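Please open the model in your viewer and keep the sequence panel beside it.

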Amino acid sequence: MFLTLVGWFVLPSLAVQVPLGLPSDGNPSLDIGTASAIAQPYNSPNPLDSDGLDHSPWQLDKPPAADETGHFVFETVNSLLQHWPNTRYRNGHTMVPGIIPKGTLLYHGAVNETIPTVPEWTATDPEHSILFCKGSPDTGCWHLTLAVTRPLKVLYFDGSSAANTLNGTLYTQDIIAWGELRPDWRFNEDQRIEDLCKWGAQHAVDGYVRMEMDFEIMLCDFTAGLEVVSLSHLASIAEPVSAVPRIPNPFRKFLLMHAGSWHNRYPGDTRINLDLAGIVSLYDATLAPSLVGSRDGQERCDHNIGAISSADIEAVRRRVSRTLERDQGDVSGIDWKTLFRVIVERYSERLDLMDYLLKSENDTIMDQALKVHVQLRVMLTPYIFHSTKPPIASSDSSNSWATPVFKACGTAHTSSIVSYISSLNASERLLLHAVQETTREICRVITKMWVSGVLAGLDTYLPLDSTPDATQMVRLMGSWRQELSALMTWLDWSVWVKCRPACGPEEMCYLPSWPINSPRGRRPRRPPYRQHESSDIINTSFPDNLPYTHGFLMQLASPQDDDWRKPQPKCIRRVAPYGF
């Protein structure tokens, strides 16, 4: 993600995370200049204000505030340009500038042998564009391949941002194109691309990146920064007309979904390089305060920005404009993409393993507890000081003896960044806040679990005189399960959403996707994509086989459509017979 500009900077905090700058008592030393201003208080009125950092006590019994959004920003950043997490959470909240590098190939299913002279759609994979290669078996069809000749400036909308739904998938584009939310224009794609390009012209934007079954680029000018590689007259993929009723064949539909799945996980679609130092998120409560109340009591799958105020819409447009116009030297040089990834790699598999161990029925309760405690100790080893030990006799119910461990763990990845926070722009402060809040809560929970294991006599490095009994272990395991489950639910990392057990060799793991699995609605009066007529390629799975071109299904999901509202992974076949 914009590694061409910042990729050569390496943070000291991305190396071994042992807090060597802290003295043996675990208290920060003033001469290192970083550790005393590290953590963001959970209930700060302005979470991006550096003056508010580290004013809240490091208490093991204090969870994040209910309206905290740092973990949403964290998982959003960790999910950018990845098909799987953006299928789970379709309603995007984030816009990120980026470039498409020179030499990248883009594909366009053409209506004839001419190059488009107006804004049009291109695909990053030909399996996507081929569906718009219009023509009968007798006439064939035209397929255009383009190569990028200079870096193309683009703006990326996260979520399933090319899905024409009523639920908010298009709202971030509405804000940029029209300065208001227009769900009634969800099928007016011609007007959308024209107005987006008109708005982006003042910022030299070449196109917009969206996602549906795969990723697409809305190009504003097919002659700017592009050259024709080929304009091929291909055999049509349309099946010959037959008097005999044919059996629906979802083969082409599967090929497109399979191509999209290549970008399911990290690093996602690498043909777009995002500039995280310019990220604009509507989970930023300082940018869009009108949305804070609308998320109360809502699961993330129900989040959308429909309640945003007019004032916040204008603030968002101004922020996006500024980030597109800022000088590329106006960045700290921090490799944010790597920082986020380091944290996910450090904790995701370990937390998943602990979850498995806590649910296992293969061991005695004591063996189970010992195995879990070992994992907790392993995660905290770089932060357990030589002086760390529980008092022999104490009424310290807050377990303050473990506070230095919690704090060292929770600040390990951010302390060096906070020392030069004044050089961070607003987007980078949002990223820093997301890392701080996320690592703080991870470290709070695992430190609290480790402390309870130590006090139960499970830690061989800090032995106690008492011997744990079975009743105590049952209580301990119960509390551990609750604490870990709450943490993993709060983090909600898509890396944990997978087919269990794993799919077989002839299968692939699949999340219900738009438009294939969307609840059936009525069709619009005309196609949303200019120049393309009806085709039955995508819609063959529906009983009445009504033809429609890509995206013609109006999404009418309701709360009871839970498999659509909260997609769950399942195995589908990648060889015939196909099905979704």
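Select C301 to begin: its relative accessible area is 15%, so C301 is buried (buried means under 20% relative accessible area, exposed over 50%, partly exposed in between, with a 1.4 Å probe and protein chains only). The model is predicted, so local features need pLDDT of at least 70 and side-chain atom pairs count only at pLDDT 80 or more, while totals for chains, interfaces and linings use all residues. Residues are numbered from 1 along each chain as its sequence is written, and side-chain values use heavy atoms, with hydrogens and water left out.

**Disulfides**

Next, show the cysteine sulfurs. A disulfide is a pair of cysteine sulfur atoms within 2.5 Å, and by this rule the count comes to five. Counting bonded cysteines along the chain, the pattern is 1-2, 3-4, 5-6, 7-9, 8-10.

Go to C197 and C220, whose sulfur atoms are joined at 2.1 Å. This link connects distant parts of the chain: C197 sits in helix α6 and C220 in the loop between β7 (215–219) and β8 (226–234), 23 residues apart. Helices (H or I, at least four residues) and strands (E, at least two) are DSSP runs, numbered from the N terminus. The torsion about the S-S bond of C197 and C220 is -85 degrees, a left-handed link. Both C197 and C220 are buried.

Then select C409 and C443, a disulfide with its sulfur atoms 2.0 Å apart. Helix α11 (residues 403–411) holds C409 and helix α13 (residues 426–455) holds C443; the pair links distant parts of the chain, 34 residues apart. Which hand does the disulfide of C409 and C443 have? It is left-handed, because the torsion about the S-S bond is about -65 degrees. C409 is buried at 0% relative accessibility, and C443 is buried with a relative accessible area of 0%.

Move on to C503 and C571, joined S to S at 2.1 Å. The C503 and C571 link is left-handed, with -90 degrees about the S-S bond. C571 has a relative accessible area of 32% and is therefore partly exposed.

**Salt bridges**

Now switch to the charged side chains. A salt bridge is a side-chain nitrogen of Lys or Arg within 4 Å of a carboxyl oxygen of Asp or Glu; the structure holds 23 of them.

Select E189 and R210, which meet in a salt bridge at 2.6 Å, N to O. E189 is in helix α6 (residues 189–201) and R210 in strand β6 (residues 207–211), so the pair links distant parts of the chain, 21 residues apart. Are these side chains buried or exposed? E189 counts as buried at 0% relative accessibility, and R210 likewise counts as buried at 0%. D184 counts as exposed at 51% relative accessibility, whereas R182 counts as buried at 18%.

Finish at E299 and K566, where the closest N and O atoms of the salt bridge are 2.9 Å apart. The pair links distant parts of the chain, 267 residues apart: E299 is in the loop between β10 (280–281) and α8 (310–325), and K566 in the loop between α15 (562–565) and β12 (570–573). E299 is partly exposed at 36% relative accessibility, and K566 is partly exposed with a relative accessible area of 28%.
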